[in-house]
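Good morning, everyone. Please have a look at the model on the screen, and I will take you through it.

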Amino acid sequence: MAGETPSARPFAAEVLAALSEAERAAYRAAVWRERWLSLWAPVTVLGLVFLVYLAIVESAVCTYLWLQLPMKLVALACFVAWLGLLSARGALASFRTLRNARREVEETLEEALAIGKKLGPAGKGRAELATIATGLAVAYGGADADALSQAADKAGKAIEKLGLARRGGALDFASGFLKALLVALLIRTVFLEPFKIPSGSMIPTLEVGDQIFVNKFIYGVRIPFTNFVPFTLVRAPKRGDVIVFNNPVDPDKDYIKRIIGVPGDVISVEGHAVTVNGQLLASETEASPYDYWDDPSLRGWQQGRGVLEREVVDGTPHLRLLHEPARGFDGNPITVPRDSVFVMGDNRDNSEDSRYGLSRHELGVQFVPYGAIKGKAMVIWLSLS
């Protein structure tokens, strides 16, 4: 802005403005170079690509069939890049020394900028501090490790000589750790939570040991330590969704099943035939016989054989596993109550679901209340089956 004095600018802008074009370009190039050489760079790239992947597969369910391979290749590339950066730090002394020296300058520059921001336009020592910060920015663009370390040491002593408070290392570490912990808790509580498949009740969709992410905000965020969801954020649970929920008859356990009925639906189950509101769910055989592996009660892997079928729920196909004879059930017809869902496992004859009291057979048919739902299963991020 015309007529603006240096002291009236934000402190960081004042420091950058004092650099020549060449110095500014060198500084920015060094900043980006350090970002890409950080161990966080591959993790950040993977996270951003994964968010795009989730957005696509959530909006168009069947796209995961052809997007899984590209996503795995991106994850593999990021992992290789991470290992390469880690190896370079351990094997290349010059690489490690230069990064450490540049980190010293970066930390001292961040400290100077933070102090300058607190001083305000008329703060005592602002002009001297701006000169120190400018020198650090110039040094940061260099590639001489010794010169970088000397610049950081000289600037630190100059800041102390001005009588300006320097940040405490332990306090900064504790503050950074606490912030990271709070962010992680926020993500886990509100957005995403990892979940490990404990049983074979969802074979072939999910196998024992699969690691998945659960979308915790799509139906609404539960108030912590309660089963109360004050309002819906995106949409209510719908037929075909695979959900993770606190078992209402055994609250210490989390279950994962597929929603077959929503409030008001009338469900009938005769053998393997499932009828929703008078309409038989369409299905066709995919493979017969179909061999698979299960780990019942986590006592060791056992091979099983059944029939693999493709069933369609609300226009979205999924696979289900059947055995003969069909598991008996005599609770028809079933009307799903308000704010609840009726769930079944994809391994239809080996699933303790709504038909069988959610493992408490003596209770008869049991529904899953909205408040017990933790979220919608989204994607397998690691398979250990």
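Start with Cys78, in helix 4, residues 64-91. Helices here are DSSP runs of H or I with at least four residues, strands are DSSP runs of E with at least two, and both are numbered from the N terminus. Cys78 counts as buried because its relative accessibility is 11%. Buried means under 20% relative accessible area, exposed means over 50%, and partly exposed is in between, with a 1.4 Å probe and protein chains only. Now look across to Val43. Cys78 and Val43 are 35 residues apart along the chain, and their C-alpha atoms are separated by 7.0 Å.

A word on the source. This is a predicted model, where local features need pLDDT of at least 70 and side-chain atom pairs count only at pLDDT 80 or more, while totals for chains, interfaces and linings use all residues. Residues are numbered from 1 along each chain as its sequence is written, and side-chain values use heavy atoms, with hydrogens and water left out.

Next, helix 5. Helix 5 covers residues 93-119, which makes 27 residues. From first C-alpha to last, helix 5 reaches 39 Å, close to the 39 Å expected at 1.5 Å a residue. That expected span is 1.5 Å times one less than the number of residues. Which residues in helix 5 are buried? Among them are Phe95, Arg99, Val105, Leu109 and Ile115.

Arg102 also lies in helix 5. Arg102 counts as buried because its relative accessibility is 2%. What does the side chain of Arg102 meet? One of its polar atoms lies 2.3 Å from the backbone oxygen of Gly142. Arg102 also lies over the face of Tyr140, at 5.6 Å from the ring centre. A charge sits over a ring if NZ of Lys or CZ of Arg is within 6 Å of the ring centre and within 35 degrees of the ring normal. Here is another case: the charged end of Arg35 sits over the ring of Trp32, 4.7 Å from its centre.

Glu34 lies in helix 2, residues 21-36. Glu34 is buried because its relative accessible area is 9%.

Another glutamate now. Glu14 lies in helix 1, residues 11-17. Glu14 counts as buried because its relative accessibility is 13%. Its side chain makes a polar contact with the side chain of Arg126, at 2.7 Å. A polar contact is a pair of N or O atoms within 3.5 Å; within protein, one must be able to donate a hydrogen and the other to accept it, and residues adjacent in sequence count only if both atoms are side-chain atoms.

Four strands form an open sheet in the order 7-6-5-11, with antiparallel pairing. Strand 7 (279-280) and strand 11 (334-335) stand at the edges, each with a single partner strand, so one side of each has no neighbour in the sheet. Two strands pair if DSSP finds at least two bridges between them. Strand 5 (residues 266-270) and strand 6 (residues 273-276) pair over four bridges. Glu270 has Ala273 in strand 6 as its bridge partner.

Another open sheet has three strands in the order 8-9-10, again antiparallel. Strand 8 (283-294) and strand 10 (316-322) are the edge strands, each pairing on one side only. How many bridges join strand 9 to strand 10? Seven, with strand 9 at residues 302-313. Glu309 has Arg320 in strand 10 as its bridge partner, and Glu311 stands opposite His318. Two residues lie between the strands in this hairpin, and Asp314 takes a positive phi near 55 degrees.

Last, the aromatic rings. Rings of Phe, Tyr and Trp (its six-membered ring) pair if their centres lie within 6.5 Å; planes under 30 degrees apart count as stacked, over 60 as edge-to-face, and the rest as tilted. The count is seven aromatic pairs. One of them is Tyr290 with Tyr292, stacked, at 6.5 Å centre to centre and 15 degrees between the planes. Tyr292 is buried because its relative accessible area is 10%. Ring pairs also link Phe50, Tyr53 and Phe213 into a cluster.
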